[in-house]
Amino acid sequence: MEKKKLAETFSLVLQPSAIAVLLYLVVSFSFATGWRAWFFFLIGLLFVGIFPILLVVFLTKKGKVSDPDLPNREERFFPYLMICGLYLLALVIFLLTSAPLPLVAITCCYLGVTFVGAIVSLFWKISLHLAGVAGPVTAMAMIISPYWAFLYLLLLPLGWARIYLAKHDLYQVVAGSVMSIVITFIIVSSII
């Protein structure tokens, strides 16, 4: 497989929404059972996994952003704020339905990381692709088991892919990862 195709594959497969699906699946079924586990997973799947993608695709079709990958730093702030709104709705649903604290914590992490990413994007282009892997891996290692930390290895091919595709430079890749790990650690430690 040629390098560009491999980089595009890593970038697509390891996008933040895909990782969110895994995170909400594992956490929902680790801390709830039966229909409640399915309900919590569905809320995470929709509000953190699917709706953000649909929102960005919609904004692209309406000409509000040039590309669903949000490559232009100047176009990132408002879509990220709208995505924060989706995360906030999920958080409200979790709180109203007395969801287990780990679900509340990971949703707060998504909200916090994306909000900080939106603010940073006003001045600099940080990698939220890397943030979208580093944060969830941190959460799973803290909430489920330290063994999930092996998934930090995914940061290597994803970081390479984002740099190879000229979406980010090394500093943006590292900053996205570190920012997400730190924010996630602080939030999860504070809630759980």
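**Reading the features of the model**

Author: At 45% relative accessibility, lysine 4 counts as partly exposed. Please note at the outset that this is a predicted model.

Reader: Which residue forms a salt bridge with lysine 4?

Author: Side chains of opposite charge can pair when their charged atoms come close. Here the partner of lysine 4 is glutamate 8, and their closest N and O atoms are 3.7 Å apart. Glutamate 8 is partly exposed, at 33% relative accessible area. Both residues belong to helix H1 (residues 3–13), where a separation of four residues amounts to about one turn of the helix.

Reader: How many salt bridges does a search of the whole structure find?

Author: The search finds four. Among them is the pair of arginine 162 and aspartate 69, with 3.4 Å between the closest N and O atoms. Arginine 162 is in helix H7 and aspartate 69 in the loop between H3 and H4, so this pair ties together parts 93 residues apart in sequence. Arginine 162 is buried, with a relative accessible area of 2%, whereas aspartate 69 is partly exposed at 23%. A network of salt bridges links Asp69 and Arg162 with Lys167. Another of the salt bridges joins arginine 73 to glutamate 74, at 3.3 Å between the closest N and O atoms. In that pair arginine 73 is partly exposed, at 23%, and glutamate 74 is exposed, at 60%.

Reader: How many helices and how many strands are there in the protein chain?

Author: The protein chain has eight helices and zero strands. Its radius of gyration is 16 Å, close to the 16 Å that the globule rule gives for 192 residues, so the chain is as compact as a globular protein of that length. The C-alpha trace spans about 45 × 40 × 30 Å along its principal axes. Of the contacts between residues at least 6 apart in sequence, 74% join residues at least 24 apart.

Reader: Which residues of the largest nonpolar core touch the most other members?

Author: That core holds 58 residues, and Tyr24, Phe94, Leu103 and Ile106 touch the most other members. Helices H2 (16–31), H3 (34–61), H4 (77–96), H5 (101–121), H6 (128–143), H7 (155–164) and H8 each give two or more residues to this core. Beyond four places in sequence, phenylalanine 94 touches residues including Tyr24, Phe40, Ile43 and Leu103.

Reader: Where on the surface is a nonpolar patch to be found, and which helix gives its largest share?

Author: The patch is formed by Met142, Ile163, Leu170, Val174, Val178, Val182, Phe185 and Ile186, with about 680 Å² of accessible area together. Its largest share, six residues, comes from helix H8 (residues 170–191). Isoleucine 186 lies in that helix, H8, and is partly exposed at 49% relative accessible area. Phe185 of the patch is also a contact of threonine 138, as are Tyr152, Ile181 and Thr184. Threonine 138 itself lies in helix H6 and is buried, at 4%.

Reader: Which residues other than glycine have a positive phi?

Author: Leucine 70 has a phi near 50°, and serine 98 has one of about 50°. Leucine 70 lies in the loop between H3 and H4, serine 98 in the loop between H4 and H5.

Reader: Is each of these two buried or exposed?

Author: Leucine 70 is buried, at 4% relative accessibility, and serine 98 is exposed, with a relative accessible area of 57%.

Notes: Residues numbered from 1 in each chain as written. Predicted model: local features only at pLDDT ≥ 70, side-chain atom pairs only at ≥ 80, totals over all residues. Heavy atoms only, no water. Patch = residues over 30% accessible without salt bridge, like charges linked within 9 Å, V, L, I, M, F, W, Y side chains within 5 Å. Areas by Shrake-Rupley, 256 points an atom, 1.4 Å probe, with all protein chains shown as cover. Salt bridge = Lys/Arg side-chain N within 4 Å of Asp/Glu carboxyl O. Buried < 20%, exposed > 50% of the residue type's maximum accessible area, 1.4 Å probe, protein only. Core = buried A, V, L, I, M, F, W, Y, C linked by side-chain atoms within 4.5 Å. Contact = heavy atoms within 4.5 Å. Rg over C-alpha atoms; globule rule 2.2 N^0.38 Å.
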